[in-house]
Amino acid sequence: MREGDAGNKPAANKARLGWGGQQPVRSVDAVDRAGWPVIMDKYQEQPHLLDPHLEWMMNLLLDIVQDQTSPASLVHLAFKFLYIITKVRGYKTFLRLFPHEVADVEPVLDLVTIQNPKDHEAWETRYMLLLWLSVTCLIPFDFSRLDGNLLTQPGQARMSIMDRILQIAESYLIVSDKARDAAAVLVSRFITRPDVKQSKMAEFLDWSLCNLARSSFQTMQGVITMDGTLQALAQIFKHGKREDCLPYAATVLRCLDGCRLPESNQTLLRKLGVKLVQRLGLTFLKPKVAAWRYQRGCRSLAANLQLLTQGQSEQKPLILTEDDDEDDDVPEGVERVIEQLLVGLKDKDTVVRWSAAKGIGRMAGRLPRALADDVVGSVLDCFSFQETDKAWHGGCLALAELGRRGLLLPSRLVDVVAVILKALTYDEKRGACSVGTNVRDAACYVCWAFARAYEPQELKPFVTAISSALVIAAVFDRDINCRRAASAAFQENVGRQGTFPHGIDILTTADYFAVGNRSNCFLVISVFIAGFPEYTQPMIDHLVTMKISHWDGVIRELAARALHNLAQQAPEFSATQVFPRLLSMTLSPDLHMRHGSILACAEVAYALYKLAAQENRPVTDHLDEQAVQGLKQIHQQLYDRQLYRGLGGQLMRQAVCVLIEKLSLSKMPFRGDTVIDGWQWLINDTLRHLHLISSHSRQQMKDAAVSALAALCSEYYMKEPGEADPAIQEELITQYLAELRNPEEMTRCGFSLALGALPGFLLKGRLQQVLTGLRAVTHTSPEDVSFAESRRDGLKAIARICQTVGVKAGAPDEAVCGENVSQIYCALLGCMDDYTTDSRGDVGTWVRKAAMTSLMDLTLLLARSQPELIEAHTCERIMCCVAQQASEKIDRFRAHAASVFLTLLHFDSPPIPHVPHRGELEKLFPRSDVASVNWSAPSQAFPRITQLLGLPTYRYHVLLGLVVSLGGLTESTIRHSTQSLFEYMKGIQSDPQALGSFSGTLLQIFEDNLLNERVSVPLLKTLDHVLTHGCFDIFTTEEDHPFAVKLLALCKKEIKNSKDIQKLLSGIAVFCEMVQFPGDVRRQALLQLCLLLCHRFPLIRKTTASQVYETLLTYSDVVGADVLDEVVTVLSDTAWDAELAVVREQRNRLCDLLGVPRPQLVPQPGAC
């Protein structure tokens, strides 16, 4: 929001709320409808923009309050609006504007007196009145002057104003609503008045301490009472003069100790306890500014940056003076106060720790130098690894407060910086997660505070350590809040200190928004920062020390990939220092460390190989023999220790598969070594036992093993260029093809993808055999109908093999050619009809999606090299099948199908041959609209896809897809598909030929999918929709129209002996609509409905009667006017869910009235 715009908004809102004239609004409804709370909430982030308008808003509302004729509801509403303003702007600012003359005291007091504390609807009124009364207590006149003559009648004394205010304040301190907070403010301003403190302070404090002593934080009322009392006491000791409060401070502290608030589970009570304790401590100590404190002097950011640009630094002497009051006695209670504040630093709730930290800072500012240094030492004791993360967090907050106030002297920075550097990387594992995010965030706050507190020369010895630690936190921290906090602290140091190396350059890249993306931080920003030599080694050391063994697997993987990138910045350091450390960690008993170090070894080795390859050197030029041997031994050491088994086996297998891939890509000199057999065993064993791996990591494991196999075969199984070792080829192909018949689905998945990943030289001469095996996997048979994932992966493997071997004429055992392309297309197209469903839903979509992608890849491959291999009927079937998928109901798969369809249509290097209706398609789907249409949105997809109904080649398949969408469950899909179909049919109503062709296609779909539940039930719903909307009204003019005759016959076959409730209900609706067709069709439809009136399911009988009733009223010509009333009476008065014998009698009566033969009971076979 721009400040100028926001500043003008209240003026516009003034008129909008009806406050532009002289008279205030008098209608509660009118004001409430104006939306005042909504308008005010917009200023929550910048409430100061309201300041110029607060006075007129307050005056208008107070006019309503002070008007004697205002109804109570309007007064309460005015106070509600005043509360909303107070909530947004804060009561301290807004209350200054309230009238607080002498004449206002009694009217406000009277208003408060008449309020009902138990009225829960008007708590805003009580809250604002108590705050207003607290303002009137600031008048500089003795309240006794306002009492006049207290004796109104002989023997009757009127209560003084002072007593009335105190009584009201005490009564509201123990209520359960927001008024309790306002009562505490009132007490603090009233009790500290000069005329009140002499007579009432001791009495009120005694009342408060008695309340605290009698209350228990174990009960709700006790919590409420203690809350109000503690707020009041804290406010009194905050605003009262020290000499007035000091006599009572020790007594209050003893009472507070007796309450044992640290044992309470109420966060607010513990916070108020800490707040009161620190106020008592400040009361014990004289209010003075410590003369020994560190003072930076001028803190102008602009001046600092100006000096920086001139190549200078501000040199100022340290302003540090001796403490003149070192000999002052420290009161006895101070030690107890500081002890309680130090305990508060370790509290389980952040608000309590934060309050304790501020108390530590305030107290240290009034202590002698030696005692303040003892306090700093006690705070530093929080940073022990025996302490919890709560203590570390509280300690960081306290150090930041001490630093901000100049109470942390430069002599202490050595100790402080050491613990802050540890806090910046604090991360303790707790079960399945970790704690420490708040500690790292608070440590960044300390660094931010130090940047503002100290001269550059004071922090100069620590610049390298702090800058590196902040950069590391900004780039490598797991949590976005910590990364952003570190970035902000780094920015503050760059601006205030001006000594951070390459600060501006780093800030430009690693700003607040850039560090929001974790992958970007690890893999992109880190590379840029590592380009500055001051940060390279610290970043690598941090990754190896902290992130490689991190509890989060994603962080370990990102750290390994980051080391890959950073190794290219410091290859010598990575090879000589980092690599030996990583190798030693691969045998660690810690699973996470073992996993991360193996991944890191793989990535660093591959990075060093790429550097060596740029200079045409082997990787062994960077890695010594010991390192190479260490890499080779990793698998055998893990195997010997049986670390591939058990709970950690999954991680180890995945990590070693990555290691195999990277070492193979790095061309390690292992050809002919036994380690290759070990690697091959691991890959095979992993693929064979994928079903034993948890489902959430199965895909990652499968991908890692397949990638490892591809790299391993390419590097170590080639005998001559382009030629495989025959023995290895025979063993691999035979073994993998045998595994494709494994009864475990996941095993089939793994070895299908493994065959697809084999390099071309291993497939040479065995291509037909491999394709035959994979085609068998994609074929659906009764025993493996549920193996949708294996069919999906088989399709992916076929497409990948085609890409690997390419296209070559006359070589069916080496490449794709005319002899085998039709078999490949047949397998892919056969999977386009896979609609398998199980407990996971329509799992066939995985197969269809893979089939579409594979068809696209193969077709584009052929089009680029030998387009003549794409036959016309094959291309037509591809386009029709994909168009059908583009009109179906699942959004993301519809979008994928549309993408494939448009890719094939618009491919022009060269164009795909034999695309049916190419010219019309390019007009319907212009290339310019491809990127702008969201095909996953039904509102955009269906209006476009229904245009294909006008093209005869596509009509059948598109209509089949639309039928499934129209009869689905998703409301938006049904609505938009229905609207699109109706729009198309509306356009062909005047074209009998087009309408006849459409109806014929619809019947053909019905006939082809008879008793196919996936299609027939949605089709019946579609027929109900189109018949209800009169789309075939033109056929009702002809008696026994062929469309109606065939449709009736198909519907009878579909619902015969069916027990599917949804199908029967849809069939009833269709039969009811078919009575509009004259002739024998009508009689047959009525007969079917009469049969359904005696169906075994009561629901079907009732629904049939209801819908027949509505149909006869809609189509009045179905039965004669002389019997219509009687028919309707029978339908409405009969209890159709009664016994069948009773129902059958009424049904037969209806048959007679409707002129259809009575159905006859057919005896069951074998009945006596």
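The protein's mean pLDDT (the predictor's confidence in each residue, from 0 to 100) is 87, and 93% of its residues reach 70 or more. Over residues 1–31 the pLDDT is below 50. This is a predicted model, in which local features need pLDDT of at least 70 and side-chain atom pairs count only at pLDDT 80 or more, while totals for chains, interfaces and linings use all residues. Residues are numbered from 1 along each chain as its sequence is written, and side-chain values use heavy atoms, with hydrogens and water left out.

**Exercise 1.** Find how helix α9 and helix α11 are oriented to each other.

*Solution.* Start with the places: α9 covers residues 161–172 and α11 covers residues 194–214 (helices are DSSP runs of H or I, at least four residues, numbered from the N terminus). Next, take the axes, lines fitted to C-alpha atoms over the stretch in contact, with angles from 0 to 180 degrees between N-to-C directions. They come within 12 Å and cross at roughly 30 degrees. Angles under 35 degrees count as roughly parallel, and α9 and α11 are therefore roughly parallel to each other.

**Exercise 2.** Describe the aromatic pair formed by Y445 and W448.

*Solution.* First, locate the residues: both lie in helix α21 (residues 437–453), three residues apart, about one turn of the helix. Now look at the rings of Y445 and W448, which are 5.9 Å apart centre to centre, with 20 degrees between the planes. Rings of Phe, Tyr and Trp (its six-membered ring) pair if their centres lie within 6.5 Å, and planes under 30 degrees apart count as stacked, over 60 as edge-to-face and the rest as tilted. The Y445 and W448 pair is stacked, and the structure holds 30 aromatic pairs.

Conventions:
Contact = heavy atoms within 4.5 Å. Helix = DSSP H or I, 4+ residues; strand = E, 2+ residues; numbered from the N terminus. Parallel < 35°, antiparallel > 145°, perpendicular 65-115°, else oblique.
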